[in-house]
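Let's take a walk through this model together, starting with its core and moving on to its rings.

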Amino acid sequence: MRTKQTPLHDFHVAHHARMVPFAGWDMPLHYADGIKTEHLATRQSAGLFDVSHMAQLEISGDRAAADLAGLTPTDIAGIGDARLRYSLLLNDQGGVLDDLMIGRIGKVFYLVVNAGRADHDIGHLQKHLAASSKLTVHTDRALLALQGPQSASVLTRLGLDLTEFRFMQIRHFDFHATPLLITRSGYTGEDGFEIALPANAAVQFCEACLATGEVTLAGLGARDTLRMEAGLPLWGHELDENITPIEAGVNFAISKARREAADFPGARRILDQIKNGPQRRLVGLSADGARPVRDGTILMHDDRQIGHISSGGFAPSLDRPAALGFVETEFAAIGTSLTAATRGTPTAVTVSQLPFVPHRYFR
């Protein structure tokens with residue numbers, strides 16, 4: 001099956017990207033200087049990521065808010081104009097079908113969903129939306145993520161007025177007569193922006209960002225190490241149809257009004273876990289020595305299997321290995337010593353505070 005290409009494919013190749021298949025797309029894993037350089041540049045200045053593989057959706061209509069509320073634990077009607085929320089599509093058992101961002105401008109809801117779940121999510125929405133609700137899939141747009149402490153400075157130098165534009169907001173902007181739809185959030189833990197724009201304007205915008213001298217192109221490799229350091233979940237690793245939001249530590253995605261109404265998919269199980277605690281929890285893990293522990297590695301306490309690594313690797317900001325993993329709740333306390341059943345000699349790991357690197361959002 002042929003992989004799809006984003007509007008920036010030739011741009012990536014011209015900048016010496018190592019391209020790899022990902023969720024059905026041909027995507028840059030890293031560029032010539034490597035993942036560590038891209039990672040640290042994002043932490044220190046600004047990294048520019050092509051995330052056009054993610055699906056951009058728009059839902060409108062008189063029943064749009066009610067339809068979305070029926071699929072998520074979010075107080076959709078309570079999302080203010082020009083505001084953004086992190087949300088979840090849930091199944092009836094409280095498992096996560098996908099995590100997504102939902103923004104609202106006027107009566108229109110803008111959604112960004114994961115590439116590997118796009119077909120599923122679109123079908124799920126189509127099945128449950130009322131006939132009066134309109135679902136639009138934007139296939140003519142690119143999506144960029146500009147992340148890092150200098151990202152706001154970069155956009156300001158490009159002529160964008162960011163006055164009173166803060167974390168978890170969404171707004172229309174203009175770049176040399178090109179319409180932009182920008183959210184201010186970040187999958188890296190840093191201040192950052194997600195920029196939706198016409199596909200034919202993507203290269204020009206990227207070149208303008210690079211011309212500031214503050215931006216480094218970054219690929220999927222750095223995106224993954226950055227989000228792991230920030231303790232942020234990835235669907236298929238820390239989230240899936242059998243993992244609840246409480247187990248994954250994203251309790252904040254369950255709105256207060258929805259908890260009180262107990263009217264969202266999987267409410268019985270999720271509310272029970274909020275009250276009594278889940279049997280397993282997502283934790284941070286620091287590994288002894290220089291050898292990373294990888295996804296899927298079994299975690300042991302003495303001779304008892306008590307969990308597994310969900311994401312593992314080297315954390316460039318820490319200059320040491322780190323990981324995320326699920327453990328039985330009695331072993332989730334910070335400082336608990338465990339063993340990762342790595343090949344050859346087992347690796348000692350310690351439950352650590354999340355996030356590994358403090359978040360620096362612009363609130």
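Here is a short tour, with the ground rules first.

This is a predicted model, in which local features need pLDDT of at least 70, side-chain atom pairs count only at pLDDT 80 or more, and totals for chains, interfaces and linings use all residues. Residues are numbered from 1 along each chain as its sequence is written, and side-chain values use heavy atoms, with hydrogens and water left out.

In soluble globular proteins, nonpolar side chains tend to be buried together. Here the largest nonpolar core has 31 residues, and Leu155, Leu160, Leu180, Ile195 and Phe205 have the most contacts inside it. Such a core is a set of buried Ala, Val, Leu, Ile, Met, Phe, Trp, Tyr and Cys residues joined through side-chain atoms within 4.5 Å; buried means under 20% relative accessible area (1.4 Å probe, protein chains only). Helix α6 gives the most to this core, with five residues.

Now look at the rings. The whole structure holds five aromatic pairs, that is, Phe, Tyr or Trp rings (six-membered ring for Trp) with centres within 6.5 Å, stacked if the planes are under 30 degrees apart, edge-to-face if over 60 and tilted otherwise. Phe165 and Phe173 pair edge-to-face, 5.2 Å centre to centre with 65° between the planes. Phe167 and Tyr361 are stacked, at 4.2 Å and 10°. Because Phe167 lies in the loop between α5 and β11 and Tyr361 in the segment after β20 (347-352), this pair ties together parts that are 194 residues apart in sequence. Both Phe167 and Tyr361 are buried.

Note on methods: Buried < 20%, exposed > 50% of the residue type's maximum accessible area, 1.4 Å probe, protein only. Helix = DSSP H or I, 4+ residues; strand = E, 2+ residues; numbered from the N terminus.
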